[in-house]
Amino acid sequence: MQSLNSSSEERRLEVRKLEISDKNKGFIELLQQLTVCDSVSDKDFEDRFQELSALGNDHIICVIEDDRSGKIIATGSVFIEKKFIRNCGKVGHIEDVVVDSSARGMQLGKIIVGFLTNHAREMGCYKVILDCSVENQGFYEKCGFKHKAIQMAKYFN
Ligand SMILES: CC(C)(COP(=O)(O)OP(=O)(O)OC[C@H]1O[C@@H](n2cnc3c(N)ncnc32)[C@H](O)[C@@H]1OP(=O)(O)O)[C@@H](O)C(=O)NCCC(=O)NCCS
């Protein structure tokens, strides 16, 4: 867990792992600002939460909660992939980074990406990678990432 102070608005913001009660704090609504994300039933949320929890540190979702509103205002995830190459090396994959539209430009995105990157480093990964749109390239460069290769995708639905 990491604490930070937002000096401009004097509120305490905390980076921590996702908790099951975050569904009632706007977590799904926040993801809807990123991409297609239908509403999720409590049962489906709990099932997926338990499934991910069973992966322990190999898959974490972090969030920042605004202590004044009680809302989740930033999130991101990292998945640790285990490989045979590079002496059975590991690679971190950062996914689903989003900051609430009312809280952008306050360095929260950078803090989320920093938290996930540190996690991948602590897990022994030799690199951490992510896909992003051209519009967000500058943001990830500010987070210390470099443009490498190209992304390929095949969607099944
Ligand atoms: C992209 C996003 C996560 C950035 O979050 P944020 O909290 O507003 O960004 P930060 O305040 O941490 O910005 C960190 C730095 O990157 C810069 N930055 C932010 N977005 C940028 C962009 N799109 N292009 C270039 N630079 C950008 C900021 O100016 C800041 O620079 P500074 O350190 O010199 O002050 C946020 O805009 C967002 O949620 N967008 C919608 C969802 C999305 O596209 N997610 C990314 C999926 S790959």
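This is a predicted model: local features need pLDDT of at least 70, side-chain atom pairs count only at pLDDT 80 or more; totals for chains, interfaces and linings use all residues.
Trainee: Why is phenylalanine 145 called partly exposed?

Mentor: Phenylalanine 145 has 17 other C-beta atoms within 10 Å. Buried needs 20 or more and exposed needs 12 or fewer, so a count in between is called partly exposed. This residue lies in the segment after H5.

Trainee: What makes aspartate 96 partly exposed?

Mentor: Aspartate 96 has 16 C-beta neighbours inside 10 Å, and the label covers counts between the exposed limit of 12 and the buried limit of 20. Aspartate 96 is found in strand S5. Its phi is near 50°, a positive value in a residue other than glycine.

Trainee: And how do you know that glutamine 107 is partly exposed?

Mentor: By the count again: glutamine 107 has 15 other C-beta atoms within 10 Å. Glutamine 107 sits in the loop between S5 and H4, and its phi, near 75°, is also positive in a residue other than glycine.

Trainee: Why is helix H2 said to lie largely in the open?

Mentor: Of the twelve residues of H2, the number buried is zero, so the helix lies largely in the open.

Trainee: What makes a set of residues a nonpolar core, and which members of the largest one touch the most others?

Mentor: The members are buried nonpolar residues joined through C-beta atoms within 7 Å. The largest such core has 29 residues, and Cys62, Ile64, Ala74, Leu108, Ile112 and Leu116 touch the most other members. Among the elements that supply at least two residues each are strand S3 (59–66), strand S4 (71–82) and H4. H4 gives the most, with seven residues. As for alanine 74, its contacts beyond four places in sequence include Ile64, Leu108 and Ile112.

Trainee: Which residues come nearest to the ligand?

Mentor: Of the 17 residues around the ligand, Arg104, Gly109, Lys110, Gly138 and Phe139 come nearest. Strand S5 (90–99), helix H4 (108–122) and helix H5 (137–142) each give two or more residues to that shell. By class, the shell has eight nonpolar, five polar and four charged residues.

Methods: Residues are numbered from 1 along each chain as its sequence is written. A residue is near a molecule or strand if its C-beta atom, placed from the backbone, lies within 6 Å of it. Helices (H or I, at least four residues) and strands (E, at least two) are DSSP runs, numbered from the N terminus. Ala, Val, Leu, Ile, Met, Phe, Trp, Tyr, Cys and Pro count as nonpolar, Asp, Glu, Lys and Arg as charged, and the others, Gly among them, as polar. Two residues are in contact if their C-beta atoms, placed from the backbone, lie within 7 Å.
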